[in-house]
Amino acid sequence: MHFDVLRRIQMQAIIFANRTGNELAPLEQYYCSALLPVGNKAVIEYTLEDIATSGITKVKIIISSQAQEIEQLLGDGERWGLDIDYFLSKPEEKTAAVLDRLSLSMTDSIIIVRGDIFRSPCIANFIDFSKQFSNEFVQAKMANQNAGMLLLPAAVSYLDGIDWPLTHDYDSNSVVTLVLHGRCHMLDSFQSYMNANLNLARNDIPSLTPMERSFTSANPEQDFYVGAKTHTGDLSLQNAWGIIGENCRIDPNVVMKNAIIIGNDTLIDKGSTLENCLILPHTYVGEGLEVNNSILCKKLLISLNTEGHIEIDDQALIGPSEHQASTSSTDRNLSTRFFILMLLIVSLPFWPLLAFYALVRVMFFKLETKPIIQEMINDNFGRSLVAYSFNVPTRLLSLLPQLFLVVTGQLALFGAPAQIRYATGRNKQRLGVFGPVQLLLNENAPEEERMLLMLEFDNTHTSTKYLSLLWRSLRIPRLLGAERKKQNMTH
């Protein structure tokens with residue numbers, strides 16, 4: 001093995017991720033600078049990949065704000081082949097003070113890197129070049145900016161050059177400047193943060209490509225990169241380009257224009273228009289909302305034109321989206337689905353009787369509805385489900401055909417009705433065939449009554465609440481809906 005490569009492997013890296021990100025307030029309440037998502041991956045992850053590619057295995061990460069979140073995301077570094085130790089510091093504490101408390105030998109070969117700026121991969125090149133000037137400080141510049149890297153021991157006298165903000169330029173004869181090719185984003189403004197995402201989506205950053213799969217769009221120059229388990233309309237009709245993360249649900253009626261960056265686990269409701277925007281993970285965009293030249297993060301709406309912001313408390317507009325909890329229902333595991341399949345098979349002999357009874361009922365009462373009701377369900381996840389039910393008063397029996405949707409994994413056995421609006425704050429609720437609304441209420445019950453009944457049922461923590469619900473639905477079919485109709489007639 002080459003001697004320089006051996007020395008590099010023995011070298012350790014110290015990554016400073018203690019920047020608070022106050023420059024991006026109020027976004028810093030959700031993300032410190034090191035955790036800002038760029039192309040659905042935290043900024044510091046790109047630095048770790050670059051470190052690992054250079055052959056270094058020992059890493060110390062200096063953390064401050066959101067320290068727990070950083071440790072939880074990165075772990076012990078095993079997935080990069082790294083051995084990571086964490087060291088807690090004050091927010092934006094001076095580099096020299098932190099290194100003094102680390103009790104490092106300033107004669108050892110150590111690379112110090114900022115992990116809270118976004119740059120093209122370059123660490124291996126920087127180390128190789130710096131080794132040629134072992135007694136001189138080498139400052140790295142990229143895109144005419146300080147690239148946030150120092151190599152000890154030569155840089156001992158220049159440690160303030162890696163403190164934030166990175167504004168130091170040195171003209172001394174003892175300084176060697178290495179100009180690196182690539183992109184470097186300080187992430188000190190919303191536009192800088194937006195540009196980092198756009199450059200990645202355009203493939204403008206050497207050695208970095210979005211992780212998602214490529215999909216053709218109507219834009220003649222750029223296409224989309226789309227993550228796994230994401231549902232969208234036909235992207236080939238969208239005159240837009242960009243990155244869409246994993247586990248997103250974008251209604252087919254959403255219109256996208258120009259550059260679009262959408263984070264993981266995001267829900268975009270029907271009729272929305274997106275143009276030149278960055279939507280961060282776990283964000284809900286409401287029906288008919290127009291988002292232009294903006295950054296959205298849960299309830300924050302940030303204008304890229306003015307860098308001003310507003311907080312929106314109405315979840316019908318924007319808000320947190322955690323719909324991934326809905327798609328991981330335990331009712332959809334194989335054992336439950338097998339049990340439901342057996343129940344479905346056992347109930348099949350009764351279907352002709354139910355259909356006949358529904359036909360007689362429709363003819364006798366001269367109802368305008370059909371004996372077998374077909375309903376199209378749009379569940380706000382980009383899916384359209386066809387559901388059938390018998391037109392009989394006992395809701396438990398009428399919903400038997402929908403057990404097929406449970407067997408196929410499209411709905412849970414127990415849960416909220418699939419027609420429920422996620423903008424009402426029910427984004428964590430499982431979608432199911434049976435539930436208090438489906439079994440106890442008339443289909444024309446007002447939304448307020450439906451929501452109150454669901455809240456009451458959710459707050460009941462007895463182990464028999466589902467059996468009790470089924471029994472009530474058999475004993476008093478559509479009780480609450482019938483009472484409501486009676487009350488309306490008396491008034």
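Tutor: Start with one residue in this predicted model. Asn-276 lies in strand β17.

Student: What is the phi of Asn-276?

Tutor: The general idea comes before the case. Most residues other than glycine have a negative phi. Asn-276 is not a glycine, yet its phi is positive, about 50 degrees.

Student: Which strand is joined to β17 by six bridges?

Tutor: That is β15, residues 255-262. β15 and β17 (residues 273-279) run parallel.

Student: What is the strand order in the open sheet?

Tutor: The order of its eight strands is β11-β12-β13-β15-β17-β19-β20-β21, and the pairing is mixed. β11 (213-215) and β21 (309-311) are the edges. Each has a single partner strand, so one side of each lacks a neighbour in the sheet. From one strand to the next, the twist averages 30 degrees.

Student: Where is Lys-366, and is it buried or exposed?

Tutor: Lys-366 sits in the loop between α8 (351-364) and β23 (372-378). Exposed means over 50% relative accessible area. Lys-366 has 72% relative accessibility, so it counts as exposed. Its phi is positive too, about 50 degrees, although Lys-366 is not a glycine.

Student: Which peptide bonds are cis?

Tutor: Again, the general idea: most peptide bonds are trans. The bond from Ala-25 to Pro-26 is cis, with omega near 10 degrees. Pro-26 lies in the loop between β1 (12-17) and α2 (43-53). Another cis bond joins Leu-152 and Pro-153, with omega about 10 degrees. Pro-153 belongs to the loop between β8 (149-152) and β9 (175-180).

Terms used:
Residues numbered from 1 in each chain as written. Predicted model: local features only at pLDDT ≥ 70, side-chain atom pairs only at ≥ 80, totals over all residues. Heavy atoms only, no water. Pairing = 2+ DSSP bridges. Helix = DSSP H or I, 4+ residues; strand = E, 2+ residues; numbered from the N terminus. Axes fitted to C-alpha atoms, helices over the stretch in contact; angles between N-to-C directions. Buried < 20%, exposed > 50% of the residue type's maximum accessible area, 1.4 Å probe, protein only.
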